[in-house]
Amino acid sequence: MSRTPVITGIGVIAPTGVGAEAYWEATREGACAIGPITHYDSGSYPLTVGGELPGFDVTRYVEPRWVVQTDRFTHIAMAAAQMALGDAALDPAGLSPYAMGVVTASCAGGVEFGQREIQDLWTEGPGAVGPYQSIAWFYAASTGQISIRHGLKGPCGVLVTDEAGGLDAVAHAGREIRRGRVAMLAGGAEAPYAPFSLACQYGHGLLSREGDASRAYLPLTAGAGGFVPAEGGALLVVEESSAARERGATPRAVIAGHAATFTGGFRPDRSAEGLARAATAALTEAGRSARDVDVIFADALGTPEADGAEAEAVHRVFGSRAGAVPVAVPKAGTGRAYAGSAAIDTACAVLSMERGLIPPAPNLTDPAHGLDVVHGAARKADLDTVLILARGLYGGNSALVLTRP
């Protein structure tokens, strides 16, 4: 435990902004990027709005030879990784061969690439299916391509636990630092917009059917009626604190504690106990208590039952203080990018600590469940301890604690 994992670099690609600064500026102002789906003709589908990336030109970040081999979710991850390394001013080539690894999270995988190849198979036959289909759809594709591109020969892995995976990946990187690794890239990315993928997602019954973009995703309010999916993600550079300082980098946040629990698939309404246990255990590992927490970044699934369970978890952990702890819901402006959302929340938490501001949740005017959801305008706050919560649709609950260096 004497080796302290810290975040030194951030790469964010979100509907509200490409790049950490662009994302923060929009998020600080409470911008909402939820709008009509344009990736395909959504008129005959129940879901018509979501969080798409405006103006994301992958060729600015990824060489053409990688682009043709990979799906959009991997393009997002590779671009975010490059941004994070640049932000941290870290060149992996300057490290020993096995000093650095990468761990990413994904829920949907390469659905856009996969749908295109399936359509070619159906309309033109087996000879039309390209060889990259065998790897481009796979959840580990992002980790593999980032590893190859940057020569990362240290521990590499992938986590498939939906939104919880974005937190689990960051925590996994922190554990690798404590085990002796010098640096890690960690985070999550998603690109779920393909008709076949969305048809599968309708099955869980949690997607919003509201066509008005300003009303489609209202988590933790009386008007909650489901969530809208989003594309995007974030990658973070995680380093050992003393090594980062020796090379002149500034630690931006400490990965202080993490815990994960399981409460059963597709029953977010029953997640209160598991989410509360994860939060309590993460705080214990961080050496903090509930009274130390300055802000909670909520999972905010966006259905009455799931939001009620999350609120119950907060009340269990914080007791009489539950209604006084500020709750941040920046994903209300982007939609839920599955595993990418928790990684984006982690990046937002670091930026919030640095700026001393809690960003407002757009469109949320009637917070419910007895929680102090920050909305309307950003709130000034001295943030020393941040608790981030996330849940996967298949039953995983995760909590991550960040502290000021």
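**Entry 1: strand β5**

I began with pairing: β5 and strand β6 (residues 156-159) run parallel and share four bridges. I am working from a predicted model throughout. Within that pair, I found V102 opposite C156 of β6.

I then checked the other partner. Strand β7 (residues 183-190) is also parallel to β5, and six bridges join them. Here M100 sits opposite A183.

Next I looked up burial. β5 spans residues 100-105, and six of its six residues are buried. One side carries M100, V102 and T104. The other carries G101, V103 and A105.

**Entry 2: strand β9**

I moved on to β9, residues 253-262. Eight of its ten residues are buried, so the rest of the structure largely encloses this strand.

I listed its partners. Strand β16 (residues 396-403) pairs with β9 in the antiparallel sense, over eight bridges. For F262, the bridge partner in β16 is G396. Strand β1 (residues 5-14) is antiparallel to β9 as well, with two bridges between them. There I noted V6 bridged to V254 of β9.

**Entry 3: R252**

I wanted to know where R252 sits. I found R252 in the loop between α9 (241-246) and β9.

Is R252 buried or exposed? Its relative accessible area is 15%, and the cut-off for buried is under 20%, so I logged R252 as buried.

**Entry 4: S352**

I placed S352 in helix α12 (residues 339-355). Its relative accessible area is 0%, so S352 is buried.

Which residues touch S352, not counting those up to four places away in sequence? I got W24, F297, L357, P359 and L383.

**Entry 5: the largest pocket**

I turned to open space. Rolling a probe the size of a water molecule over the atoms shows where empty space is left. The largest pocket came out at about 440 Å³. It has 22 lining residues, and C107, A108, V111, S197 and C200 are the closest to its centre.

I checked which helices contribute. α4 (111-124) and α8 (195-202) each give the lining at least two residues.

I also sorted the lining by class. I counted 14 nonpolar and eight polar residues, with no charged ones.

**Entry 6: cysteines**

How many disulfides are there? The count is zero.

I went through two cysteines to see why.

C348 was next. Its closest cysteine sulfur is in C32, at 14 Å, which is too far for a bond. I also looked up its burial: the relative accessible area of C348 is 0%, so C348 is buried.

Methods: Residues are numbered from 1 along each chain as its sequence is written. This is a predicted model: local features need pLDDT of at least 70, side-chain atom pairs count only at pLDDT 80 or more; totals for chains, interfaces and linings use all residues. Side-chain values use heavy atoms; hydrogens and water are left out. Buried means under 20% relative accessible area, exposed over 50%, partly exposed in between (1.4 Å probe, protein chains only). Two strands pair if DSSP finds at least two bridges between them. On a 1 Å grid over the protein atoms alone, a cavity is a set of points where a 1.4 Å probe fits but cannot get out, and a pocket is an open set with protein on both sides within 12 Å along at least five of seven lines; lining residues have an atom within 4 Å of a point. Grid points are joined across faces, edges and corners, and a volume is the space filled by probe spheres set on the points. Ala, Val, Leu, Ile, Met, Phe, Trp, Tyr, Cys and Pro count as nonpolar, Asp, Glu, Lys and Arg as charged, and the others, Gly among them, as polar. A disulfide is a pair of cysteine sulfur atoms within 2.5 Å. Contact means heavy atoms within 4.5 Å.
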